[in-house]
Amino acid sequence: MSIHEEYMARALLLAERGLFTTDPNPRVGCVIVKNDDIVGEGWHQRAGEGHAEVNALSNAGLLAQDADAYVTLEPCSHFGRTPPCADSLIKSGVKRVFVAMEDPNPIVAGNGIQRLKDVGIEVTVGILEQQAKDLNPGFCQRMQKGRPFVRSKMAMSIDGRTAMASGESKWITGPDARQDVQKLRARSSAILTGMGTVLEDNPALTVRPEGDWYPEQAVRQPIRVVVASQNIPQSAKLFDTADAVILATSQPCNVELKEDVLQLAEKDGHLDLPALMNELAKREINELMVEAGSKLNGALLSAGLIDELIIYMAPKVMGDSAKGLFHLPALHTMAQNIELTITDIRAVGKDWRITAIPQYTKVK
């Protein structure tokens with residue numbers, strides 16, 4: 001690893017501290033280096049507050065003059081809730097800026113880099129670029145494709161079952177896996193579920209931080225989105241808190257509850273899921289976590305909308321009558337199968353967590 005990669009790796013570690021708090025902004029870190037010493041560090045902590053570059057420059061003070069800045073995302077060049085970071089770097093007197101990745105936001109998209117170059121600052125782009133992209137999959141996808149990054153969380157027995165025929169599913173996995181799910185919820189902008197899950201399991205779908213993995217002062221509950229053809233029962237646990245709930249439906253609804261109704265057309269016999277993703281992106285949803293049953297997961301998979309699967313596999317056998325992971329009635333032959341690329345397998349307590357990416361060449 002080169003010295004530039006080492007400093008950028010440090011900036012990425014700083015950026016990761018904002019994993020649960022920066023939404024809908026990207027997670028960004030910055031390191032200021034002078035005479036081979038780190039003289040300033042910072043990261044974006046919360047939307048509306050200082051960006052990583054500003055925080056790092058403040059930490060460095062006058063030592064930023066003639067220093068190098070390592071930043072995980074191209075410095076912004078526009079006025080939002082805060083002034084342009086490119087201008088802050090220019091005013092600080094840094095001589096070189098190393099950038100992991102260009103900002104996919106079309107408002108920036110190279111403009112910040114060009115602004116630095118225009119005043120004679122040397123700029124290098126592409127150091128640990130993939131790692132920077134991996135830290136912000138939702139922000140990148142929302143900017144580039146106009147939809148959130150969709151991560152479906154599922155729990156199954158070793159024979160691929162998610163619930164008994166009666167609908168009973170608590171608990172397939174152990175406490176370690178369930179706490180791990182809390183981390184996935186905490187980093188998500190929103191959680192998507194179906195009406196069947198609401199009626200059968202009555203989940204709250206909230207983040208319940210336990211232990212030291214989540215900063216207490218930064219608790220941020222994700223928006224809950226329910227795909228349904230009727231109003232959500234007023235007794236549902238979704239309404240136990242004042243946090244936002246969106247009802248996505250293709251049917252006219254009598255709005256008596258406090259949920260936000262998002263009415264969309266039907267496609268292929270069910271709610272237009274690509275249209276739903278577009279609407280959620282407009283609401284600045286970066287990462288969408290799916291906690292739903294086999295029908296909604298099957299429809300999302302068939303539509304090519306699941307970007308990542310997180311499957312917790314418990315060392316249990318639930319039998320032939322139990323429910324499977326996906327409802328995919330259109331698949332009849334091996335030639336129609338949907339292949340997965342497994343990117344990670346690890347033990348979580350007594351269970352195993354499998355991370356996989358669907359390959360959609362046969363779906364689309």
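Which residues of helix 6 are buried?

1. **Basis.** This is a predicted model, where local features need pLDDT of at least 70, side-chain atom pairs count only at pLDDT 80 or more, and totals for chains, interfaces and linings use all residues. Residues are numbered from 1 along each chain as its sequence is written, and side-chain values use heavy atoms, with hydrogens and water left out.

2. **Helix 6.** Helix 6 spans residues 137–145. Its buried residues are Pro137, Gly138, Phe139, Cys140, Gln141 and Arg142 (buried: under 20% relative accessible area, 1.4 Å probe, protein chains only). Helices are DSSP runs of H or I, at least four residues; strands are runs of E, at least two; both are numbered from the N terminus.

3. **Cover and end.** The cover over these buried residues includes helix 5 (129–135), strand 6 (149–157), helix 7 (175–187), helix 9 (273–282) and strand 14 (287–290) (contact: heavy atoms within 4.5 Å). Gly146 follows helix 6 and has a positive phi, near 70°.

4. **Cavity.** The structure holds one cavity of 30 Å³ or more. A cavity is a set of points on a 1 Å grid over the protein atoms alone where a 1.4 Å probe fits but cannot get out; lining residues have an atom within 4 Å of a point. Grid points are joined across faces, edges and corners, and a volume is the space filled by probe spheres set on the points. The largest cavity has about 60 Å³ of space. Its lining includes Gly138 and Phe139 of helix 6, along with Asn136, Arg27 and Glu287.

Methods: Buried means under 20% relative accessible area, exposed over 50%, partly exposed in between (1.4 Å probe, protein chains only). On a 1 Å grid over the protein atoms alone, a cavity is a set of points where a 1.4 Å probe fits but cannot get out, and a pocket is an open set with protein on both sides within 12 Å along at least five of seven lines; lining residues have an atom within 4 Å of a point.
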